[in-house]
Amino acid sequence: MELRQRALRALQTSDIQGKVDQSSAIWSQFASFSIANDDIPEPPGLPGRPAQPNLVAPTLVPQRSPFTVAGRAALIHAICHIEFNAINLALDAVWRFAGMPADFYRDWMRVAFEEAQHFTLLHDHLQTLGHHYGDFPAHDGLWEMCEKTRDDIVARMALVPRTLEARGLDATPLIQARLRKVGTPDALTACDLLDIILHDEIGHVTIGNHWYHWLCERDGLDPVAHYSVLVQRHRAPRLRPPFNETARRQAGFSAQELDYLLGS
């Protein structure tokens, strides 16, 4: 069996549980797959996803207070949506980019598997609050950046895992602080789930940093200077503090890169 074709098949799957199950199965069978170096024609309709949630502009996603059950459900749903997108982003990296070392595909397939686990944990918790994935509107910013960087693996590594997904390293402790202030059993359970996710996401951003720097070295690019070029070229959002500097250092951001983020 060929890995990249299987990853594409999982990416095309619109059924939520089917995508989770396929991602887990591919990871568990990773050693049995071959990895072809040929380009695969892109099929229409990527990524496969369910009819709901309704996708709207980021400014149109309602802001709700975590001090109500409905508000906490909306918050968990938003994080669920990020994790569902993250499965697709990892699968897309596996199938789309030919000719990379085997470790590249192993890394991103592991990310797809772990993101599927995160989605399942959060979706199970969401259901205890009386809701399912798809019940609230969501935005498509993560996948939009995936599409912008479809033809440039360096830009993909720079602007998806180590920019948009790395923002989760900054946001998670702030979300946890709000949930702890709420203090209800479901809010504290959500904090525990976010601890698991934050630990794994540091590893995922580490993978993005590793391959971005590997590609920059391969192509003779300065990682900090080229990152600034890519941000402008693809109109990536300018990240603003506060930054979780401890987590970012653990994920492989250099002092120079942190200085760039801080505008130093």
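Visitor: What are the ground rules?

Guide: Local features in this predicted model need pLDDT of at least 70, side-chain atom pairs count only at pLDDT 80 or more, and totals for chains, interfaces and linings use all residues. Residues are numbered from 1 along each chain as its sequence is written, and side-chain values use heavy atoms, with hydrogens and water left out.

Visitor: Why are helix 3 and helix 6 called roughly antiparallel?

Guide: The axes of helix 3 (residues 69-96) and helix 6 (residues 153-165) cross at roughly 165° and come within 12 Å. Angles run from 0 to 180 degrees between N-to-C directions, and axes are lines fitted to C-alpha atoms, for helices over the stretch in contact. Over 145 degrees counts as roughly antiparallel, under 35 as roughly parallel, 65 to 115 as roughly perpendicular and the rest as oblique. Helix 3 and helix 6 are therefore roughly antiparallel.

Visitor: Which residues make the contact of helix 3 and helix 6?

Guide: Helix 3 gives Ala86, Leu89, Asp92, Ala93 and Arg96, while helix 6 gives Arg156, Val160 and Glu165. Contact means heavy atoms within 4.5 Å. By class, four residues are nonpolar, none polar and four charged.

Visitor: What makes helix 8 roughly perpendicular to helix 9?

Guide: Helix 8 (residues 185-219) and helix 9 (residues 223-233) pack at about 105°, with their axes 10 Å apart. That angle makes the pair roughly perpendicular. Tyr212, His213 and Cys216 of helix 8 meet Pro223, His226, Tyr227 and Leu230 of helix 9. This contact has five nonpolar, two polar and no charged residues.

Visitor: Why does Phe30 count as buried?

Guide: Its relative accessibility is 10%. Buried means under 20% relative accessible area, exposed over 50%, partly exposed in between (1.4 Å probe, protein chains only). Phe30 therefore counts as buried.

Visitor: Where does Phe30 lie, and what does Phe30 contact?

Guide: Phe30 sits in the loop between helix 2 (16-28) and helix 3. Leaving aside neighbours within four places in sequence, Phe30 is in contact with Leu3, Ile35, Ala102, Tyr105, Arg106 and Met109.

Visitor: How do you know that Cys80 is too far from Cys191 for a bond?

Guide: The sulfur of Cys80 is 16 Å from the closest cysteine sulfur, in Cys191. A disulfide is a pair of cysteine sulfur atoms within 2.5 Å. So Cys80 is too far for a bond. Cys80 is also buried, with a relative accessible area of 0%.

Conventions. Helices (H or I, at least four residues) and strands (E, at least two) are DSSP runs, numbered from the N terminus. Ala, Val, Leu, Ile, Met, Phe, Trp, Tyr, Cys and Pro count as nonpolar, Asp, Glu, Lys and Arg as charged, and the others, Gly among them, as polar.
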